[in-house]
Amino acid sequence: ININNAKSLTIDADNVGGQVSNASGTLNLGAGTLGVNVTGAGNTNIIGDVLSNNLIENAITITGNYALTIGASNVGGAVTNNAGTLNLLAGTLNNNVIGANGTTYIKGDVTSNNLISNSIVIVDTNSLSISADNVGGTVSNNAGILNLGAGTLSYAISGNGSTVTTGDVITNAVNLGNVVTNTGNTLTLMGDNTTGVLSKEITGGNVTVDGIINSSALINALIDINSGKSLTIDAGNIGDIVTNSGDLYLTSGTLGVNVTGEGSTTIQGVVTNGATIDNIVIISSGSLTSTVDSLTKAITNNAVFYASGTLDKAISGTGTTKVNSTLTLRDGASIAGTLDLNQGTAIMNGDGVITEYVVNELIGGGNIQIDINYGTTVTADSITSTTSSGIVTIDSIIETGTRPETFEVRILNGGSATLAITEALRNSFYDM
């Protein structure tokens, strides 16, 4: 069948019995199965539900709400689908699909080298391989695989299927509605308080935070937070090292990986630290349980800090630092808020060197180990405190020089603190 210039043929697909050469005319295909090729630079209009087992080399327009079912490799011209259905069977799509309100269903393993500007539905366990730039509509993927190549993803993915990034992809976090496997590439998350919400797990590769990202899901990838950007996340949902030049907000959980960089880590819930945080640390609400040694930079505590290890720097802020079993104070240690002995032991240096420590308020019951130097004048470690309360028990003394027959240990500052001494330490004096 030859369709001449500017002429048209209207025919059901079942009735096309020979190859169609349509150089510049119009073929209007009604319902049925097309079993021959349509070649040429003309136009084919789908005016019924058509199944094509062969090549359509024309520009294709799906009219109304009709459907065209065709192998992706047999689409030989651009497709306009404004309100109908394009069912793509397995193959490679090398032409654009456009249309504001049409839908393209993926019903085989399809590779698209071109734009699909329809709503896209991946049916069952089938797959679509396409660059992020070429996704021109929302993607519904309930059980299949979306292989996403490099580019910028501007539309949302939904469903219980999986997305595999095969190149560097940039997108608003809210667009990632599938579980994502990032195969060694960089996935850049953008967005604000609305578009920066991440709800599905990301595994592998590198994740760059370049927006205001709030994640309720696991990110099991190397994470880079750009300057001026932020990530809010449960500490237990961080699966790999974080390089933070911005702000990391931890809402709860246990941190098991290191955080590095020049940014700040803010505690906003009940958090336990089992790694090294090489950031400024701000405890704004909730509590942080951590060794001080693993917090390498400045600490501001405006809530509760359960501290252990060795403190050799200032803790600023108005919060309470609670001794978590044992806390050793070294030169340079000070606490602007409250030190609660919390039934633990505060070791004041423990090296025989006399040191003075500044604590705004000392409370709680617990033990203190102090250094005493028996010289012409007896000197000892001391804590300068504005107010104090509770019971301070001295349980051990590191002594320098010859112990005199009598000496005095006192609480010199104001408050209602009571000084006590352990029985074992008292007995050691009786044995002189």
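This is a predicted model: local features need pLDDT of at least 70, side-chain atom pairs count only at pLDDT 80 or more; totals for chains, interfaces and linings use all residues.
I looked for aromatic pairs first, and a search of the whole structure turned up zero. The cut-off I used: rings of Phe, Tyr and Trp (its six-membered ring) pair if their centres lie within 6.5 Å, with planes under 30 degrees apart counted as stacked, over 60 as edge-to-face and the rest as tilted.

Residues are numbered from 1 along each chain as its sequence is written, and side-chain values use heavy atoms, with hydrogens and water left out.

Next, strands (DSSP runs of E, at least two residues, numbered from the N terminus). I call two strands paired if DSSP finds at least two bridges between them. I checked β28 (residues 202-209), which pairs in the parallel sense with β25 (residues 179-182) over two bridges. Thr-181 has Thr-203 as its bridge partner in β28.

Last, I looked up Lys-313, in the loop between β41 (304-311) and β42 (314-316). Lys-313 is buried but lacks a salt bridge, and Asp-312, the nearest side chain of opposite charge, is 5.4 Å away. Buried is under 20% relative accessible area (1.4 Å probe, protein chains only); a salt bridge needs a side-chain nitrogen of Lys or Arg within 4 Å of a carboxyl oxygen of Asp or Glu. For charge, Lys and Arg count as positive and Asp and Glu as negative, with His and the chain ends not counted.

Notes: Helices (H or I, at least four residues) and strands (E, at least two) are DSSP runs, numbered from the N terminus. Buried means under 20% relative accessible area, exposed over 50%, partly exposed in between (1.4 Å probe, protein chains only).
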